[in-house]
Amino acid sequence: MKKNVVPRRIPTAEKNQIQVISRAAAILRVVEEEGTGLSLGQIATRVDLARSTVQRIVNALVAEGLLFVAGAAGRVVLGPAILRAARTSGPQFAEIARPQLIKLSGDLQETVDLAAIRKDRAIFIDQIVGPQRLRTVSAIGESFPLYCTANGKAYLATLENSEIEGLLGRSFERRTPTTITNLNDLLSELSEVRAQGFALDREEHTLGICAAGVAVKDHLGNPHAISVPVPTARFVDEEVNITRQLLKTRTQLLKLAETKGHR
(Lines give C-alpha, C1' and ligand atoms only; values in the text may rest on other atoms or scores of the structure.)
Protein backbone atom coordinates (compact mmCIF):
# COMPACT_ATOMS: atom_id res chain seq x y z
CA MET A 1 0.00 0.00 0.00
CA LYS A 2 1.40 3.35 -1.07
CA LYS A 3 1.98 5.92 1.64
CA ASN A 4 1.51 9.61 1.05
CA VAL A 5 4.70 11.54 1.68
CA VAL A 6 4.07 14.82 3.44
CA PRO A 7 6.81 17.38 2.73
CA ARG A 8 8.56 18.59 5.85
CA ARG A 9 7.68 22.17 6.65
CA ILE A 10 10.84 24.21 7.06
CA PRO A 11 10.66 26.54 10.06
CA THR A 12 10.99 30.24 9.32
CA ALA A 13 14.27 30.54 11.26
CA GLU A 14 15.79 27.73 9.21
CA LYS A 15 14.57 29.33 5.98
CA ASN A 16 16.26 32.57 7.00
CA GLN A 17 19.52 30.77 7.72
CA ILE A 18 19.42 29.04 4.33
CA GLN A 19 18.73 32.38 2.65
CA VAL A 20 21.72 34.03 4.34
CA ILE A 21 24.00 31.16 3.28
CA SER A 22 22.70 31.38 -0.28
CA ARG A 23 23.29 35.13 -0.39
CA ALA A 24 26.78 34.79 1.07
CA ALA A 25 27.63 32.15 -1.55
CA ALA A 26 26.36 34.45 -4.31
CA ILE A 27 28.56 37.29 -3.02
CA LEU A 28 31.62 35.04 -2.86
CA ARG A 29 31.00 33.88 -6.42
CA VAL A 30 30.79 37.38 -7.92
CA VAL A 31 33.88 38.53 -6.01
CA GLU A 32 35.78 35.46 -7.18
CA GLU A 33 34.82 36.19 -10.78
CA GLU A 34 36.24 39.74 -10.58
CA GLY A 35 39.95 39.46 -9.85
CA THR A 36 40.42 43.18 -9.22
CA GLY A 37 37.71 43.29 -6.55
CA LEU A 38 34.31 44.98 -6.39
CA SER A 39 32.78 47.83 -4.44
CA LEU A 40 29.79 47.18 -2.20
CA GLY A 41 27.56 48.91 -4.72
CA GLN A 42 28.83 46.74 -7.56
CA ILE A 43 28.26 43.59 -5.52
CA ALA A 44 24.74 44.71 -4.64
CA THR A 45 23.94 45.23 -8.32
CA ARG A 46 25.34 41.87 -9.40
CA VAL A 47 23.55 39.81 -6.74
CA ASP A 48 20.39 41.96 -6.81
CA LEU A 49 20.37 42.77 -3.10
CA ALA A 50 20.11 45.98 -1.10
CA ARG A 51 23.47 47.58 -0.37
CA SER A 52 22.76 47.46 3.37
CA THR A 53 22.17 43.70 3.15
CA VAL A 54 25.39 43.23 1.20
CA GLN A 55 27.26 45.34 3.77
CA ARG A 56 26.11 43.09 6.64
CA ILE A 57 27.02 39.88 4.84
CA VAL A 58 30.38 41.21 3.63
CA ASN A 59 31.25 42.35 7.17
CA ALA A 60 30.53 38.85 8.46
CA LEU A 61 32.62 37.25 5.71
CA VAL A 62 35.49 39.67 6.37
CA ALA A 63 35.39 38.76 10.08
CA GLU A 64 35.83 35.10 9.08
CA GLY A 65 38.70 35.87 6.69
CA LEU A 66 36.67 34.83 3.65
CA LEU A 67 36.70 38.32 2.17
CA PHE A 68 39.07 41.27 2.52
CA VAL A 69 38.56 44.99 1.93
CA ALA A 70 41.63 46.09 -0.02
CA GLY A 71 43.18 49.49 -0.59
CA ALA A 72 41.94 53.01 -0.07
CA ALA A 73 39.08 52.45 -2.51
CA GLY A 74 37.67 49.72 -0.27
CA ARG A 75 37.33 47.10 -3.00
CA VAL A 76 36.21 43.69 -1.76
CA VAL A 77 38.45 40.75 -2.73
CA LEU A 78 38.76 37.15 -1.62
CA GLY A 79 40.36 36.80 1.81
CA PRO A 80 43.22 34.57 2.98
CA ALA A 81 40.89 31.97 4.52
CA ILE A 82 39.18 31.34 1.20
CA LEU A 83 42.57 30.95 -0.48
CA ARG A 84 43.62 28.39 2.09
CA ALA A 85 40.33 26.54 1.72
CA ALA A 86 40.69 26.54 -2.08
CA ARG A 87 43.84 24.48 -1.87
CA THR A 88 43.49 20.76 -1.34
CA SER A 89 44.44 19.01 1.88
CA GLY A 90 48.08 18.48 2.72
CA PRO A 91 50.90 20.72 3.92
CA GLN A 92 50.08 24.37 3.32
CA PHE A 93 52.71 26.08 1.21
CA ALA A 94 52.74 29.17 3.43
CA GLU A 95 53.69 26.95 6.38
CA ILE A 96 56.35 25.15 4.34
CA ALA A 97 57.77 28.41 3.02
CA ARG A 98 57.74 30.44 6.22
CA PRO A 99 61.11 29.31 7.66
CA GLN A 100 62.79 30.18 4.35
CA LEU A 101 61.02 33.55 4.24
CA ILE A 102 62.14 34.30 7.80
CA LYS A 103 65.73 33.44 6.86
CA LEU A 104 65.56 35.59 3.74
CA SER A 105 64.16 38.53 5.69
CA GLY A 106 66.87 38.12 8.32
CA ASP A 107 69.65 37.92 5.75
CA LEU A 108 68.42 41.00 3.90
CA GLN A 109 66.99 42.89 6.88
CA GLU A 110 63.99 43.65 4.68
CA THR A 111 60.30 42.75 4.43
CA VAL A 112 59.51 39.58 2.48
CA ASP A 113 56.07 38.80 1.01
CA LEU A 114 54.51 35.56 -0.17
CA ALA A 115 51.67 35.84 -2.67
CA ALA A 116 49.25 33.37 -4.21
CA ILE A 117 48.27 34.03 -7.82
CA ARG A 118 44.60 34.26 -8.67
CA LYS A 119 43.65 35.24 -12.20
CA ASP A 120 45.27 38.63 -12.88
CA ARG A 121 46.08 39.44 -9.25
CA ALA A 122 48.74 38.51 -6.70
CA ILE A 123 47.18 38.12 -3.25
CA PHE A 124 49.42 38.33 -0.19
CA ILE A 125 49.07 35.28 2.03
CA ASP A 126 52.09 35.76 4.31
CA GLN A 127 54.59 38.44 5.20
CA ILE A 128 57.75 38.71 7.27
CA VAL A 129 58.17 42.35 8.27
CA GLY A 130 61.73 43.64 8.14
CA PRO A 131 63.36 45.48 11.06
CA GLN A 132 64.17 48.70 9.21
CA ARG A 133 62.44 51.86 10.47
CA LEU A 134 61.67 52.86 6.88
CA ARG A 135 60.02 49.77 5.42
CA THR A 136 57.13 48.63 3.26
CA VAL A 137 54.21 46.68 4.74
CA SER A 138 51.00 45.46 3.06
CA ALA A 139 48.04 43.73 4.65
CA ILE A 140 47.58 39.98 4.35
CA GLY A 141 44.80 39.42 1.83
CA GLU A 142 45.56 42.59 -0.12
CA SER A 143 45.78 42.04 -3.87
CA PHE A 144 47.97 43.66 -6.52
CA PRO A 145 47.94 43.66 -10.34
CA LEU A 146 50.44 41.38 -12.06
CA TYR A 147 51.71 43.67 -14.82
CA CYS A 148 53.31 46.31 -12.57
CA THR A 149 54.62 44.30 -9.60
CA ALA A 150 57.76 42.20 -9.20
CA ASN A 151 55.92 39.13 -7.93
CA GLY A 152 53.30 39.51 -10.66
CA LYS A 153 55.81 39.83 -13.49
CA ALA A 154 57.80 36.88 -12.12
CA TYR A 155 54.65 34.76 -12.45
CA LEU A 156 53.72 36.15 -15.86
CA ALA A 157 57.14 35.12 -17.15
CA THR A 158 56.16 31.47 -16.54
CA LEU A 159 53.29 31.78 -19.05
CA GLU A 160 53.20 31.74 -22.83
CA ASN A 161 52.81 35.15 -24.47
CA SER A 162 49.36 34.19 -25.79
CA GLU A 163 48.27 33.28 -22.26
CA ILE A 164 49.48 36.64 -20.96
CA GLU A 165 47.49 38.51 -23.60
CA GLY A 166 44.39 36.47 -22.81
CA LEU A 167 44.79 37.21 -19.11
CA LEU A 168 45.67 40.91 -19.23
CA GLY A 169 44.68 42.27 -22.63
CA ARG A 170 46.90 44.65 -24.60
CA SER A 171 46.82 47.85 -22.52
CA PHE A 172 47.07 48.50 -18.79
CA GLU A 173 46.33 51.25 -16.30
CA ARG A 174 49.18 53.68 -15.65
CA ARG A 175 49.86 53.83 -11.91
CA THR A 176 53.13 55.79 -11.93
CA PRO A 177 55.29 57.46 -14.61
CA THR A 178 57.31 54.21 -14.97
CA THR A 179 54.39 51.77 -15.27
CA ILE A 180 54.41 49.60 -18.40
CA THR A 181 51.07 50.25 -20.09
CA ASN A 182 51.13 48.10 -23.23
CA LEU A 183 51.52 44.40 -23.95
CA ASN A 184 54.48 44.61 -26.33
CA ASP A 185 56.67 46.44 -23.80
CA LEU A 186 55.62 44.02 -21.07
CA LEU A 187 56.43 40.97 -23.20
CA SER A 188 59.84 42.46 -24.01
CA GLU A 189 60.62 42.81 -20.31
CA LEU A 190 59.29 39.34 -19.52
CA SER A 191 61.76 37.81 -21.96
CA GLU A 192 64.52 39.27 -19.76
CA VAL A 193 62.78 37.96 -16.64
CA ARG A 194 62.78 34.44 -18.10
CA ALA A 195 66.50 34.70 -18.82
CA GLN A 196 67.54 36.02 -15.41
CA GLY A 197 65.00 34.17 -13.23
CA PHE A 198 63.70 37.20 -11.34
CA ALA A 199 61.55 40.26 -12.00
CA LEU A 200 61.92 43.87 -10.90
CA ASP A 201 59.45 46.62 -10.09
CA ARG A 202 61.13 50.01 -10.32
CA GLU A 203 58.46 52.24 -8.83
CA GLU A 204 55.95 50.86 -11.33
CA HIS A 205 53.20 50.20 -8.78
CA THR A 206 54.00 52.77 -6.08
CA LEU A 207 56.32 55.78 -6.17
CA GLY A 208 59.17 55.43 -3.71
CA ILE A 209 59.06 51.63 -3.60
CA CYS A 210 61.00 49.12 -5.71
CA ALA A 211 60.89 45.34 -5.46
CA ALA A 212 62.37 42.12 -6.75
CA GLY A 213 60.37 38.92 -7.11
CA VAL A 214 60.59 35.27 -8.11
CA ALA A 215 57.91 32.74 -9.02
CA VAL A 216 57.56 29.35 -7.38
CA LYS A 217 55.01 26.53 -7.38
CA ASP A 218 53.89 24.51 -4.38
CA HIS A 219 53.85 20.70 -4.26
CA LEU A 220 50.45 20.70 -5.99
CA GLY A 221 51.54 22.96 -8.83
CA ASN A 222 49.72 26.06 -7.55
CA PRO A 223 51.54 29.29 -8.55
CA HIS A 224 53.02 31.57 -5.90
CA ALA A 225 55.55 34.37 -5.88
CA ILE A 226 57.98 35.80 -3.36
CA SER A 227 58.89 39.46 -3.37
CA VAL A 228 61.14 41.82 -1.43
CA PRO A 229 59.74 45.39 -1.48
CA VAL A 230 62.24 48.06 -0.50
CA PRO A 231 62.22 51.88 -0.37
CA THR A 232 63.89 53.06 -3.58
CA ALA A 233 66.78 54.76 -1.78
CA ARG A 234 67.96 51.42 -0.33
CA PHE A 235 67.02 49.26 -3.29
CA VAL A 236 69.52 50.92 -5.62
CA ASP A 237 72.47 49.72 -3.51
CA GLU A 238 70.99 46.36 -2.49
CA GLU A 239 69.46 45.15 -5.78
CA VAL A 240 72.20 42.64 -6.64
CA ASN A 241 72.25 41.10 -3.18
CA ILE A 242 68.43 40.97 -2.99
CA THR A 243 68.07 39.19 -6.32
CA ARG A 244 70.86 36.74 -5.50
CA GLN A 245 69.30 35.82 -2.17
CA LEU A 246 65.84 35.54 -3.74
CA LEU A 247 67.10 33.04 -6.32
CA LYS A 248 68.71 30.96 -3.57
CA THR A 249 65.46 30.98 -1.59
CA ARG A 250 63.50 29.97 -4.69
CA THR A 251 65.80 26.98 -5.22
CA GLN A 252 65.33 25.86 -1.60
CA LEU A 253 61.56 26.20 -1.78
CA LEU A 254 61.33 24.22 -5.00
CA LYS A 255 63.28 21.42 -3.33
CA LEU A 256 60.98 21.53 -0.29
CA ALA A 257 57.86 21.53 -2.46
CA GLU A 258 59.18 18.55 -4.40
CA THR A 259 59.89 16.69 -1.16
CA LYS A 260 56.38 17.36 0.17
CA GLY A 261 54.88 16.30 -3.14
CA HIS A 262 56.48 12.86 -2.93
CA ARG A 263 55.44 12.08 0.63
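Start by selecting Ile-226. Leaving aside residues up to four places away in sequence, Ile-226 touches (heavy atoms within 4.5 Å) Leu-101, Leu-104, Val-112, Asp-113, Leu-114, Ala-212, Gly-213, Val-214, Val-216, Leu-246, Thr-249 and Leu-253. You're looking at a predicted model, where local features need pLDDT of at least 70, side-chain atom pairs count only at pLDDT 80 or more, and totals for chains, interfaces and linings use all residues. Residues are numbered from 1 along each chain as its sequence is written, and side-chain values use heavy atoms, with hydrogens and water left out.

Now bring up the largest nonpolar core, 25 residues, where Leu-114, Ile-226, Val-228, Ile-242 and Leu-246 have the most contacts inside it. Such a core is a set of buried (under 20% relative accessible area, 1.4 Å probe, protein chains only) Ala, Val, Leu, Ile, Met, Phe, Trp, Tyr and Cys residues joined through side-chain atoms within 4.5 Å. Color H5 (93–108), E3 (112–118), E4 (121–128), E7 (209–217), E8 (223–231) and H9 (232–261): each supplies at least two core residues. Helices (H or I, at least four residues) and strands (E, at least two) are DSSP runs numbered from the N terminus. H5 gives the largest share, six residues. Apart from this core lies another, of 24 residues, including Ile-180 and Ala-199.

Next, hop to Leu-66, in the loop between helix H3 (51–63) and strand E1 (67–70).

Note on methods:
Buried < 20%, exposed > 50% of the residue type's maximum accessible area, 1.4 Å probe, protein only.
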